[in-house]
Amino acid sequence: MIAVAADPTAVYALRLADDCFVLSHRLAQWSSRAPALEEDVALTNIALDLLGQARALYARTAELDGTGRSEDLYAFLRDERDFVNCLLVEQENGDFAVTVIRQLLFSTFQLQAWAALSQSTDASIAAVAGKAVKEVTYHLDHATQWTLRLGDGTMESHTRTQAALDQLWPYTAELFESDAVAREVVARGVAPDPERLRTAWDASIELVLREATLDHPSTSWAPTGGRRGLHTECFGYMLAEMQHLHRAHPGAQW
Amino acid sequence: MTALDRARRAAGEVADPEIPVLTIADLGILRDVRVDASGHVDVDITPTYSGCPALDMIRADVASSVRAAGYADVTVNVVLSPAWTTDWMSETGRRKLREYGIAPPRPRESGMQLLQIAVACPVCGSAHTSEVAHFASTQCQALRRCTDCAEPFPHFKEH
């Protein structure tokens with residue numbers, strides 16, 4: 001068990017890193033299983049961008065919390081309760097529609113967050129954001145194109161995409177949640193106020209949903225806890241599979 | 001040639017592992033080379049994309065190339081800011097890419113965004129090409145097809 005860093009900027013950097021890392025692994029699970037070769041390549045390319053962002057942010061976290069821990073240690077030797085990613089990114093891949101909608105909801109959020117973070121008072125976070133904003137623009141374009149094709153496609157694709165949207169929508173509330181850490185990094189000029197990203201996110205998502213003939217979900221259920229290490233059931237299984245090799249053969253190289 | 005020129009040449013001539021016709025100087029990812037009074041060499045490189053898997057290999061290749069040029073003490077730093085853009089690719093790099101069968105990136109910072117130049121087929125030169133997939137064999141390429149000669153080809157996408 002590795003204690004969560006105490007410095008708010010370190011905790012914040014770790015949250016950003018965990019979001020990227022966990023989603024990267026979920027997308028990598030599509031490798032050799034995607035519905036078409038081009039999609040296999042697209043999803044793993046996106047996974048690679050996210051992994052690169054995560055590595056740079058883990059390195060920054062290690063500087064900020066003063067431990068100088070390696071990226072591998074953050075990725076492979078922390079337990080479930082030590083991860084502070086949001087619940088949305090850990091949700092299972094489901095069918096292709098679930099993966100596409102998860103990408104749409106999260107990439108829209110990430111694009112706005114990175115754009116704001118490129119002005120961060122933390123120069124390292126600003127540098128990561130400056131690169132990431134260009135990469136996430138592609139991710140969002142990919143998710144938008146697929147949402148339109150699936151939502152406004154056949155009866156079958158429409159039904160499945162609407163179901164995916166209804167399933168994942170509750171997890172989006174957590175993205176805009178504030179807490180003591182968020183308030184402190186906002187005060188330091190490190191990060192944008194998450195609640196203030198909501199309006200632009202809503203407008204952007206609404207535009208795509210309307211064009212894709214999808215209905216805006218009306219649920220008010222808003223599960224939360226990811227930022228405090230409380231995760232959904234599927235996450236433990238993902239970590240077990242992902243961390244097994246590294247833990248079974250500590251320090252192995254090839 | 002000064003010590004700095006020698007070190008810069010040694011670092012710059014390292015080939016990109018994924019597209020070996022290009023050097024890292026052609027790609028624009030070699031950002032700076034410094035030699036201090038004690039002969040220590042600092043090389044700054046920047047990744048094309050955040051997760052580029054070639055970066056670790058490029059780091060190692062740069063260090064060994066600079067050492068082979070006679071500088072035993074070398075540090076290769078990875079800098080992220082300012083973020084790399086395809087506008088930093090040299091004209092030589094663009095020509096080499098085309099000859100290698102990859103359509104080079106178009107200029108990004110043009111005042112006339114409405115007049116986007118077509119991506120020309122590197123095989124027959126036709127401007128009639130279309131995108132097949134935005135993501136291809138590496139993060140920096142997209143897959144296109146020529147509607148005249150029917151050849152599929154990679155396009156080093158603007159970034």
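Helix 5 of chain A passes helix 6 of chain A in a left-handed crossing, a crossing being left-handed if the near helix is turned anticlockwise from the far one by less than a right angle, and right-handed if clockwise. In this predicted model, local features need pLDDT of at least 70 and side-chain atom pairs count only at pLDDT 80 or more, while totals for chains, interfaces and linings use all residues. Residues are numbered from 1 along each chain as its sequence is written, and chains are lettered from A and ligands numbered from 1 in the order in which they are written.

The axes of helix 5 (residues 96-117) of chain A and helix 6 (residues 123-151) of chain A come within 7 Å and cross at roughly 150°, where axes are lines fitted to C-alpha atoms, for helices over the stretch in contact, and angles run from 0 to 180 degrees between N-to-C directions. Helix 5 of chain A is therefore roughly antiparallel to helix 6 of chain A, since angles under 35 degrees count as roughly parallel, over 145 as roughly antiparallel, 65 to 115 as roughly perpendicular and the rest as oblique. The residues of this contact between helix 5 and helix 6 of chain A comprise 18 nonpolar, eight polar and no charged (Ala, Val, Leu, Ile, Met, Phe, Trp, Tyr, Cys and Pro count as nonpolar, Asp, Glu, Lys and Arg as charged, and the others, Gly among them, as polar).

With helix 7 (residues 155-168) of chain A, the axis of helix 5 of chain A comes within 8 Å and crosses at roughly 50°, which means that these two helices of chain A are oblique. Their crossing is right-handed, and the residues in contact include Ile101(A) and Leu105(A) of helix 5 and Ala164(A) and Leu168(A) of helix 7 (two residues are in contact if their C-beta atoms, placed from the backbone, lie within 7 Å).

Helix 2 (residues 37-64) of chain A is mostly covered, with 22 of its 28 residues buried (20 or more other C-beta atoms within 10 Å of a residue's own, C-beta atoms being placed from the backbone). Helix 2 of chain A is followed by Gly66(A), whose phi is positive, near 75°.

Chain B has four helices and six strands (DSSP runs, H or I of at least four residues for helices and E of at least two for strands, numbered from the N terminus). Of the 159 residues of chain B, 38% count as buried. Towards chain A, 13 residues of chain B are in contact with 20 residues of chain A, and the side of chain B that touches chain A has seven nonpolar, six polar and no charged residues.

Terms used
Buried ≥ 20, exposed ≤ 12 C-beta atoms within 10 Å, placed from the backbone.
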